Every structure is written in C-alpha cells, then in structure tokens.
Amino acid sequence: MSKKQEIVMSGIRPTGFLHLGNYFGAIRNYVKMQEDYDCYFMVADLHSLTTHPDTKQLKDNVHRVLAENIACGLDPDKVALYCQSHVFETAELYLYLNMLAYTGELEKTVTFKDKVRQNPDNINAGLLTYPVLMAADILLHRAKYVPVGKDQEQHLEIARTYVNRFNHRYGEVFPEPFAFNYNQQLVKVPSLDGAGKMSKSENQMATLFLADEDDVIRKKVMKTKTDAGPQELNSQKPEYIENVFSLMKLVSGDDVISKFENDYNNCSIRYGDMKKQLAEDMVQFIAPIRGKINEILNDKKYLAEVMEKGAAKAGISAKATMQLVREAMGLNY
Ligand code: TRP
C-alpha cells in the first residue's frame, strides 16, 4: 500500500484560540501529513457537549477552529476537514461500541477521573463514554495512525481494546490505531514566564495566541523573564534564558540567533534588545496567520462550503465502514 492510502485520523477540540504551542506541536504535524496520507481531521463538537452543554458559543468556536487550522496550512482540498456532528454514522458506531465497553474500565480512565473532580455536578454518561465516542471517530475511517499528544494515549489504548473485541467477536473489520507524530524530536515551545510549556489554560500573558494583536505580542514578549546577564564567559544558560533562545529559534533567522548566542557567550548580551528582536520576529510570524484567520472567519459562505465538502468526504468512508460493520455483526437483514 502506498503511504498516501494509509489513513490518518484526528480530532480537534473546538475550544478556540490556538497558540504557538498548538502550532508547532499539532498543526504543523497535520500540515505535513496531508501530503503523505489519506487524512481525516475532525472538529470534535459532540465531545464538547460532555462538559459544555450550553451550545450558544459552539458555532463560533467551530468556525474559529476551522479558520485557524486552515490559516496554518491545512488544506480542505487535500484532507477531509469536517465536523463530528455532520457525520451521523458516528452515532451509530458509538452505539455498537458501547456494548463492547465495560463501565469498570471507563471509570478508571484518567481523563474521566479528572473531569469528575473538576465537575462533580455533571457526571453524565457521555462523559464516562467519551473514549467510546473517540474510538468511534477513529474506527469509522478504519484509521491506523492518530496524531495526538500524550494526554490522549490512554484513549487510544481503549480504542485498540474495542478493535480487538470487535474483530474477535464479529470478524476482522478494524485495524488497531496507534499514536503517530512526525518530529519525534519534539519542538519546545516554552511559556513566556519561564514555567513549563505554553498552554491555553494557564497564564494567558505567558502564551502567544495566533489571534493576538501586534501590540499584545510585543507586550507579552517584553515581559519575558531575564536577568542582568552572564558574569562569566561561555557560562551555562539558566532555564528561563534558554527558553528565550528556544522561542527565538522558532521564528528568527540563523544570523540573529548566532549574534545573540555570541553576545551571551562574551557577556555583552542586552536582553532588552534581544526581546525587542524576538517581539518583532514573532509579530512577523503571527500577523499574517492572524490576518488569514480573520479573513476566513468573515467568509461564512466559504466556511459552510468547507464543512459540506468535508462531511461529504468523511461520509463516503463512514458509509463504507458501517456497511462492513453491519454485515459483520449480522445486522444485514
Ligand atoms: N479527545 C481528543 C482531545 O481531547 C479529541 C478527539 C476527539 C480525538 N475524537 C478524536 C483525537 C479522535 C483523535 C482521534 O484532544
């Protein structure tokens, strides 16, 4: 089988406002995969109902996540880019898989236990079966490769369990899906406050969003923690300084980086200048993406077409799989 025929599937939560960590972590990965694989990328709007039953914001959030991914280079003509709720077969497969899912196993899932703790007033069955719905998303396209982060590995393991139960009980229909990412040498996108990685939920001032205006980007970068500079030639960098260099490596030219490396090594570095340079390079990097996002968001007709085309592509693959599933299960009378 050529690589192009191998199937990649992933889901994107429509929680909106992607940041630089998402860009260099997930999206760049998707954009590369679209050249080499048959890709299904889905906005997980149904999953969001497990924790956010209020749907007032949902449409805007779905539009935003689509616009952001497209602005970053995902091409709706190369991949199936669609909404989970537009592919009804998902619900059917979810139903069948629920019969192969044991509640005891689901109760032990780390993400379930976390959500129970965070949200003790809304422990609904959808929350418990979140991994079943995710397995349905993947198996619907008989995908083998699933680009996800570490936090989703347990869900994938659950999906493999259902594959094995299904295949064993009804006959071989599904391949086992595995986590798969390019760039095993992970790109580091540190938070601007020197603590951990950029993330949506933690300090907003320490995270650069693709939607941030130029002045906001400058302000955030200028606040990055530095110090009075090294006192000895060629000294080791403290972690927060290493982080400023890591951020620079994402967006600045090689000449710029080596200039500041040299300045650091001979103790002449001026962090104010370095941060100014970094801020401008970040602006150069983010501004065109932000512009593209806004352009797409203003074109509701285009967004509707993207979703329609994506649902049609995903629907073909989903219908073919469900045909096999019903036959295997003996539901073809
Ligand atoms: N659960 C995933 C997350 O929280 C999103 C998701 C939904 C997903 N369905 C999927 C990921 C299918 C991979 C495959 O990020």
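Which residue forms a salt bridge with Glu-6? Hi everyone, let's look at that together. This is a predicted model, where local features need pLDDT of at least 70 and side-chain atom pairs count only at pLDDT 80 or more, while totals for chains, interfaces and linings use all residues. Residues are numbered from 1 along each chain as its sequence is written, and side-chain values use heavy atoms, with hydrogens and water left out.

A salt bridge here is a side-chain nitrogen of Lys or Arg within 4 Å of a carboxyl oxygen of Asp or Glu, and by that rule there are 19 of them.

Back to our question: the partner of Glu-6 is Lys-144, with 3.2 Å between the closest N and O atoms. Glu-6 sits in the segment before β1 (7-12), and Lys-144 in the loop between α8 (130-139) and β4 (145-146), 138 residues away. Helices (H or I, at least four residues) and strands (E, at least two) are DSSP runs, numbered from the N terminus. Glu-6 is buried at 13% relative accessibility, and Lys-144 is partly exposed at 30%. Buried means under 20% relative accessible area, exposed over 50%, and partly exposed in between (1.4 Å probe, protein chains only).

Next, Asp-77 and Lys-309 meet in a salt bridge at 2.8 Å, N to O. Asp-77 belongs to the loop between α3 (58-71) and β3 (80-83) and Lys-309 to helix α14 (residues 300-329), so the pair ties together parts 232 residues apart in sequence. Asp-77 is exposed, at 57%.

Finally, a network of salt bridges links Glu-213, Asp-214 and Arg-290.
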